[in-house]
Amino acid sequence: MQADDARYLKRKYKGGSLDVHPTEKALVVQYEVEATILGEMGDPMLGERKECQKIIRLKSLNSNTDIASLARKVVEECRLISPSRLPEVEQLLFYLQNRKKSAEKKEKKQIKPRDLTPFEGMELDEEANINSIDDYVELLYEDIPEKIRGATLILHLARNPDNLEELLQNETALGALARVLREDWKQSVDLATTIIYVFFCFSSFSQFHGLITHYKIGVLCMSIIEHELKRYDLWQDELLKKKKVLDFLKRDDDPDNQNLKKEYEKALKKYHGLLTKQEQLLRVALYLLLNLSEDTRTELKMRNKNIVHLLVKTLDRDSEELLVLVVSFLKKLSIFLENKNDMAEIDTVEKLAKLVPCEHEDLLNVTLRLLLNLSFDTGLRSKMVQADLLPKLTSLLGDEAQRQIAMCILYHISMDDRFKSMFAYTDCIPQVMKMLFDCGDERIDAELISFCINLAANKRNAHIMCEGNGLKMLMKRALKHKDPLMMKMIRNISQHDGPSKNLFIDYVGDLAAQIGLKEEEEFVIECLGTLSNLTIPDLDWELVLKEYNLVPYLKDHLKPGSAEDDLILEVVIMIGTVSMDDSCAVMLAKSGIIPALIELLNAQQEDDEFVCQIVYVFYQMVFHQATRDVIIKETQAPAYLIDLMHDKNAEIRKVCDNTLDIIAEYDVEWGKKIQSEKFRWHNSQWLEMVENRQMDEAEPFMYGDDGEPYLQNGDILERSDLFYSADGIIPVDGAISPEFFTDFQNGDLLGPQGFPGVSAKH
């Protein structure tokens with residue numbers, strides 16, 4: 001509206017509530033503006049009401065301030081406050097004066113990334129008015145000081161969200177700001193910072209992101225950040241050179257040295273001033289980019305322009321507010337694989353490790369959250385350990401505010417077997433054990449118990465856990481609450497040989513008692529697994545099986561489909577453990593468990609874990625005379641073992657070979673069959689060549705005197721006497737002396753037709 005039309009606009013201000021600012025030394029005045037448009041005759045034509053607020057900052061307020069005088073001055077200068085409210089203003093000022101400083105300090109520490117505070121250079125000696133926007137735009141066409149003043153006035157308008165819509169309509173103002181930034185940003189850091197701040201105000205709202213993209217402010221910010229980081233490197237190099245010269249000529253009596261010292265101090269002071277301004281510029285530019293990165297397509301463009309490298313380079317700064325913003329930006333980027341890989345290629349973890357721990361609570365928290373995102377990568381976990389983060393994170397377990405995140409990172413590190421043993425050299429295990437016992441009857445956090453389960457998988461850690469009454473307390477809690485995760489931790493402890501395993505003798509009865517009860521399957525599985533680990537010579541398994549009537553339970557749960565596969569597998573492993581005892585093996589064999597195992601083997605022949613564990617049971621049983629006879633003479637177990645002798649799984653082959661060797665030693669007939677199969681397998685290529693040879697190309701020695709072939713249908717393996725008729729030549733155990741092969745090559749052991757031990761056909 002033009003100045004001469006002002007008589008047609010009527011504004012009415014109505015004061016409202018009065019309160020203190022929550023964090024600053026300031027009063028907040030709520031008021032209402034009623035704007036009415038009048039006709040030519042003075043009649044009201046259109047009216048509108050808007051609620052507003054004004055912040056009265058009281059920078060001079062301190063413990064020695066005269067509250068009554070200050071209150072009068074506030075009421076006099078602010079027309080929105082009625083003189084009648086002077087006592088109320090005095091009361092609020094008195095409250096501000098006595099508000100605890102510790103609370104202020106805490107609020108100062110809790111600067112969120114989203115709270116971009118005003119910076120030095122934004123102060124004005126006049127109040128910006130939206131109606132004077134054209135005047136402010138004119139200043140942008142003057143010299144640098146006027147440009148800074150004009151941009152600052154527009155910024156004061158933009159900081160009020162109510163003005164953004166109106167500024168959006170003013171293409172002249174926005175275009176001028178974008179042009180000045182593009183042309184003059186290198187000439188003045190203050191000017192660049194102020195103009196970027198204007199566009200930052202727009203970037204706080206998603207609907208205005210198109211405007212920023214239109215003026216290409218994001219691309220310009222990337223260029224500015226890159227340039228400023230290069231300038232920072234140059235400043236540091238210059239300072240370092242001056243410092244080296246000063247240290248080299250360190251003589252207090254030398255006048256030249258005194259001059260150099262003064263020059264260095266002057267340069268250092270100038271450096272700190274430039275650094276403060278530069279960090280303000282970086283902060284507002286990065287904040288604008290962070291807001292724009294809400295759109296993943298925009299974020300991808302930033303990545304293509306190497307935003308990750310720029311952010312990581314900025315981690316060298318000391319400004320906590322800037323670091324909070326940079327780490328927050330990196331945390332947002334880290335959820336994408338490509339960005340995470342970019343961080344892995346540079347020393348991101350090493351720079352983040354320097355920030356842990358730190359006094360700034362929000363900086364520490366966001367740093368830990370970024371490290372948590374990165375800890376999903378095995379290589380980056382390794383870098384965290386190399387950067388000495390393990391003891392630092394362990395120390396944070398005592399900080400309730402950071403404990404959960406620190407524990408999640410430690411959990412990820414504990415997933416790698418190569419790092420598990422390192423926890424024993426910190427005070428981590430005593431701390432987590434105390435946390436477990438402090439839970440009382442409450443449910444244990446999943447992160448805590450999962451971490452403990454991983455730690456218990458290491459022998460040294462398990463021994464530390466069992467120190468004192470550790471194992472007793474764990475067993476007591478697990479059995480009381482029937483907690484499967486706690487029992488899984490105990491199971492991991494029980495797998496380690498040494499003093500810790502012998503401690504379990506006192507709890508065998510408690511564990512065995514859980515198996516017969518109708519407990520949850522997960523809990524029973526862990527109890528069975530723990531018992532299966534107790535390969536202790538002094539343990540009387542026969543007494544345990546009889547006392548708790550476990551044999552029927554074990555047999556019933558071998559039937560395919562009788563329970564979940566996990567439970568059936570644990571039953572098989574348990575049978576393998578107790579079969580080490582001679583009397584237990586006999587008891588199990590008499591109960592008919594071996595046929596049940598063969599039936600299960602048929603049903604689970606595709607599952608390598610099942611097959612391996614069942615074969616291991618057979619291996620344990622053939623050690624004992626009574627069960628060996630049952631397996632060899634009354635079952636087809638040896639035949640199954642022969643079939644599995646050449647399984648693709650190396651562990652299955654190993655257990656099968658060991659079991660078959662024992663069977664071959666005690667039974668001649670099975671020994672021959674095993675020897676034959678081993679011969680077939682070892683010479684499979686040669687046998688295949690013989691079988692596939694065409695009869696018309698056969699050698700003369702393949703025919704007898706009557707012209708009839710020795711081998712019908714080319715099946716050489718049908719002639720069993722080829723392998724067994726030479727008494728004493730091939731021992732049953734398959735051990736052939738080197739002399740045998742020497743004589744074979746010399747033809748001393750060949751029959752008339754060239755085969756070993758075969759007589760001529762008459």
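**Before you click**

This is a predicted model, in which local features need pLDDT of at least 70 and side-chain atom pairs count only at pLDDT 80 or more, while totals for chains, interfaces and linings use all residues. Residues are numbered from 1 along each chain as its sequence is written, and side-chain values use heavy atoms, with hydrogens and water left out.

**The whole chain**

Start with everything shown as a cartoon. The protein chain has 42 helices and three strands; these are DSSP runs numbered from the N terminus, helices being H or I with at least four residues and strands E with at least two. Of its 762 residues, 46% count as buried, meaning under 20% relative accessible area, whereas exposed means over 50% and partly exposed is in between (1.4 Å probe, protein chains only).

Among contacts (heavy atoms within 4.5 Å) between residues at least 6 apart in sequence, 67% join residues at least 24 apart.

**Stop 1**

Select residues 144-158 and 171-184. These are helices α5 and α7, which pack at an angle of about 140 degrees with their axes 12 Å apart. That angle makes α5 oblique to α7. Under 35 degrees would count as roughly parallel, over 145 as roughly antiparallel and 65 to 115 as roughly perpendicular, with the rest oblique. The axes are lines fitted to C-alpha atoms, for helices over the stretch in contact, and angles run from 0 to 180 degrees between N-to-C directions. Show side chains for I144, K147, A151 and I154 of α5 and for L177, V180 and D184 of α7, which make the contact.

On the α7 side, look for L174, L177, A178, V180, L181 and D184; they meet L191, A192, I195, I196, V198, F199 and F202 in α8.

**Stop 2: S203**

Stay in α8 and pick S203. Is S203 buried or exposed? S203 is buried, with a relative accessible area of 1%. Its side chain reaches the backbone oxygen of F200 at 2.6 Å. Leaving aside residues up to four places away in sequence, S203 touches H209, I212, L288 and N291.

**Stop 3: α18**

Move on to residues 378-386, helix α18, where L380, R381, S382, M384 and V385 are buried. Which elements cover them? The cover includes α15 (337-345), α16 (348-353), α17 (361-374), α19 (389-395), α20 (403-414) and α21 (417-420).

Zoom in on both ends. At the start of α18, a side-chain oxygen of D377 comes to within 2.9 Å of the backbone nitrogen of G379. Just after the helix, D388 has a positive phi of about 65 degrees.

**Stop 4: M486**

Finish in helix α26, residues 484-494, by selecting M486. M486 is buried, with a relative accessible area of 1%. Display L436, I444, I449, L474, R477 and A478 as well: M486 touches these, not counting residues up to four places away in sequence.

Terms used: Polar contact = N/O pair within 3.5 Å; in protein donor to acceptor, adjacent residues only side chain to side chain.
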